[in-house]
Amino acid sequence: MSMKEYIDEAESVLLHTYNRYQIVFDKGDGVYLYDLEGKKYLDFCAGIAVFALGYQNKAYNDALKGQIDKIIHTSNYYYNVPAIEAAKGLLEASKMDRVFFTNSGAEAVEGAIKAARKYAYLKDGCKDHEIIAMEHSFHGRTFGALSVTGNPAYREAFEPMIGNVKFATMNDLESVKANITDKTCAIIFETVQGEGGIYPATKEFMEGVKALCEEKDILLILDEIQCGMGRTGYMYAWQKYGIKPDIMTSAKGLTCGVPGGAFFLGKKVAENSLVAGDHGTTYGGNPLAGIATKTVLDEYKRLNILDNVNEVGQYLFDRLEELATSCDKIIAHRGVGLMQGLEFNVPVKDIINSCIENGLILINAGTNIIRFVPPLVITKEDVDNMMNILTKCIN
Ligand SMILES: *Cc1c(COP(=O)(O)O)cnc(C)c1O
């Protein structure tokens with residue numbers, strides 16, 4: 001069957017909740033993807049900031065294959081070695097106290113919200129605690145995660161949300177203060193906003209919110225699902241700020257392609273929130289996802305991924321900055337490491353489609369922003385190749 005025939009078939013069987021690009025991918029290799037017709041694409045999307053190691057990383061593939069031949073799933077009624085090793089590695093990297101494995105980012109956010117509410121409930125026995133989230137945030141599509149997602153269009157048809165959520169403005173400490181009451185139990189935001197347009201938290205904002213949280217015993221929840229796992233040049237983006245969240249969520253690069261996610265608790269919350277019977281998942285932390293995370297962590301060390309992100313991220317920054325100053329359609333350039341965005345004064349859809357025609361996969365963040373979230377193993381030469389195609393397609 002041709003690619004076109006598969007796409008027509010897809011549209012007759014799949015629920016149409018995405019306006020997909022007209023490509024059926026067949027395989028990947030390194031930083032390249034191949035469609036069913038054999039066309040090759042340089043991949044600056046990485047499955048939306050997921051495939052950090054690139055495609056066909058041998059250690060990763062071998063570890064998954066080996067685990068498949070041993071056991072894939074056992075349930076959380078029992079222990080399994082890959083999950084224990086993955087948890088040890090993650091806590092070492094994050095200095096958080098405990099981890100709970102989930103199957104997705106949204107599910108990690110759900111768990112984070114439950115932990116925060118339980119913590120507050122144990123303190124005062126009340127059931128009307130409030131959460132402050134940010135405008136233009138994205139935390140996922142399930143009800144809890146959607147309730148703290150600052151995009152009214154995503155929420156409206158599905159009201160009522162979980163309730164008691166207020167929205168403040170990212171990087172505006174006063175707007176956070178204005179929303180605090182004695183019912184506030186948590187403040188949640190992405191250390192670097194992803195879908196909302198690549199907005200990193202400023203140092204002043206991060207420090208200000210952290211100080212407020214400490215003063216009032218409000219929990220700081222940082223969503224590191226997109227910006228974590230090395231993407232900003234730090235294992236977790238908050239490590240750059242010299243602060244630590246009470247709760248953190250992770251997913252995307254955490255498992256590099258196998259479904260997975262996690263929420264992490266600092267000691268204070270770990271000891272005073274969820275207990276046996278409070279939360280669960282059938283698949284979360286199964287041996288296949290566990291071996292994926294463990295191998296990702298090992299490969300990050302072996303390949304010095306953070307060094308590569310810092311070096312190539314800076315190079316990408318310089319090249320994009322150069323383009324931004326010379327192109328009058330570009331009105332802003334933001335980001336850090338291998339998580340950057342170019343904001344245009346026109347919708348970016350046509351530019352992205354033209355890049356795809358020319359063998360380059362890029363994605364948007366909102367209507368006017370192109371997002372750069374490539375595999376973390378990309379080289380400067382890959383950046384040059386990307387820039388050549390992008391520059392041609394903008395003009
Ligand atoms: C992708 C994303 C989510 C949701 O993750 P899913 O795995 O799609 O549920 C939540 N928060 C952020 C910051 C994300 O980028």
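Over the face of which residue does R141 lie, and at what distance from the ring centre?

1. The residue is Y154: R141 is placed over the face of this ring, 3.9 Å from the ring centre. The structure discussed here is a predicted model.

2. R334 lies over the face of Y199, and its distance from the ring centre is 3.9 Å.

3. Turning to contacts between rings, a pair is described by the distance of the centres and the angle of the planes. With centres required to lie within 6.5 Å, the count for this model comes to nine aromatic pairs. One of them is formed by F25 and Y41, with 5.5 Å from centre to centre and 90 degrees between the planes. This pair is edge-to-face, because an angle over 60 degrees is assigned to that class.

4. The F25 and Y41 pair links distant parts of the chain. F25 belongs to strand β1 (residues 25-29), whereas Y41 belongs to strand β3 (residues 40-43), and the two are 16 residues apart. As to accessibility, F25 is partly exposed, its relative accessible area being 37%. Y41, with a relative accessible area of 3%, is buried, because the limit for that class is under 20%.

5. F51 and Y55 make a further pair: their ring centres are 4.6 Å apart and their planes meet at 40 degrees, so the pair is tilted. Both F51 and Y55 are buried. Together with Y60, F51 and Y55 form one aromatic cluster.

Terms used
Residues numbered from 1 in each chain as written. Predicted model: local features only at pLDDT ≥ 70, side-chain atom pairs only at ≥ 80, totals over all residues. Heavy atoms only, no water. Phe/Tyr/Trp six-rings, centres within 6.5 Å; stacked < 30°, edge-to-face > 60°. Helix = DSSP H or I, 4+ residues; strand = E, 2+ residues; numbered from the N terminus. Buried < 20%, exposed > 50% of the residue type's maximum accessible area, 1.4 Å probe, protein only. Lys NZ or Arg CZ within 6 Å of the ring centre and 35° of its normal.
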